[in-house]
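Reader: I'd like to go through this model with you and ask what stands behind the labels. Can you show it to me first?

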Amino acid sequence: MLLVGLTGGIGSGKSTVSAMLAGRGAEIIDGDAIVRELQQPGSPVLAAIVERFGDGVLDGDQLDRQALATIVFNDAEALTDLNRIVHPSLGEEVLRLIEAARHTDRVVVLDFPLLAERPRSDLDATIVVDLDEQLAIERLVSSRGMDEADARARLGNQATRAQRRQIATHIIDNSGDLSELQAQVDALWADLVVRAGAT
């Protein structure tokens with residue numbers, strides 16, 4: 001198994017690169033998808049979130065992610081509390097999935113937005129999807145309909161572009177068009193496959 005980290009700031013295109021790698025044969029461990037699963041109705045994680053943040057973060061029995069995001073991305077202490085609730089269960093599930101693939105020859109991609117904030121020592125490579133922050137904000141506003149102030153607040157609560165680049169063994173520049181991105185991912189995948197075969 002070759003264990004590869006994949007990260008990038010909000011609006012960088014990390015999810016697009018993750019999907020491209022999956023299409024080429026990578027096994028994806030998606031941190032965001034795991035968190036959504038952990039926050040399903042009736043889960044201990046959701047109960048702890050409601051206990052800390054109140055019923056205002058619920059829409060019926062479901063977590064209202066936008067309501068929660070509005071709170072935590074404008075309050076550093078609230079974000080710390082949320083991470084304290086979610087990360088232990090997330091870490092356990094990620095470890096379980098990694099161990100399940102441990103004795104294979106697969107390229108396993110840990111798609112995780114917080115690799116710069118929470119570095120891992122078990123990665124064979126780290127891919128950073130890189131994008132100028134202003135361009136990321138413009139894409140968030142135009143493609144996701146996000147309020148510009150909200151986009152800036154979320155970026156402000158993440159690692160800086162420089163901090164992410166510092167942990168990278170591979171940098172994908174997503175400032176161009178889709179064909180340019182595809183070409184970079186093709187070259188990256190060829191390298192990862194060679195490295196996986198050598199492990």
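Author: Let's start with serine 12, which sits in the loop between strand E1 (2-7) and helix H1 (14-23). Helices (H or I, at least four residues) and strands (E, at least two) are DSSP runs, numbered from the N terminus. This is a predicted model, where local features need pLDDT of at least 70 and side-chain atom pairs count only at pLDDT 80 or more, while totals for chains, interfaces and linings use all residues. Residues are numbered from 1 along each chain as its sequence is written, and side-chain values use heavy atoms, with hydrogens and water left out.

Reader: Why is serine 12 called buried?

Author: Buried means under 20% relative accessible area, exposed over 50%, partly exposed in between (1.4 Å probe, protein chains only). Serine 12 has a relative accessible area of 3%, so it is buried.

Reader: What does serine 12 touch, not counting residues up to four places away in sequence?

Author: Val129, Leu131 and Asn174. Contact here means heavy atoms within 4.5 Å.

Reader: What makes the pair of serine 12 and lysine 14 a polar contact?

Author: A polar contact is a pair of N or O atoms within 3.5 Å; within protein, one must be able to donate a hydrogen and the other to accept it, and residues adjacent in sequence count only if both atoms are side-chain atoms. A polar atom of the serine 12 side chain lies 3.4 Å from the backbone nitrogen of lysine 14, so the pair falls within that cut-off.

Reader: And which residues line the largest cavity?

Author: Serine 12 is one of them, and the lining also includes Gly9, Ile10, Leu155 and Arg164. The volume of this cavity is about 60 Å³.

Reader: Which residues have the most contacts inside the largest nonpolar core?

Author: Ile49, Phe53 and Leu68, in a core of 28 residues. A nonpolar core is a set of buried Ala, Val, Leu, Ile, Met, Phe, Trp, Tyr and Cys residues joined through side-chain atoms within 4.5 Å. H5 gives the most to this core, with 8 residues. Apart from it lies another core, of 19 residues, among them Leu2 and Leu188.

Reader: Which residues of helix H7 (residues 148-156) are buried?

Author: Asp150, Ala151, Ala153, Arg154 and Leu155. The buried residues of H7 pack against H4 and helix H6 (133-143).

Terms used
On a 1 Å grid over the protein atoms alone, a cavity is a set of points where a 1.4 Å probe fits but cannot get out, and a pocket is an open set with protein on both sides within 12 Å along at least five of seven lines; lining residues have an atom within 4 Å of a point. Grid points are joined across faces, edges and corners, and a volume is the space filled by probe spheres set on the points.
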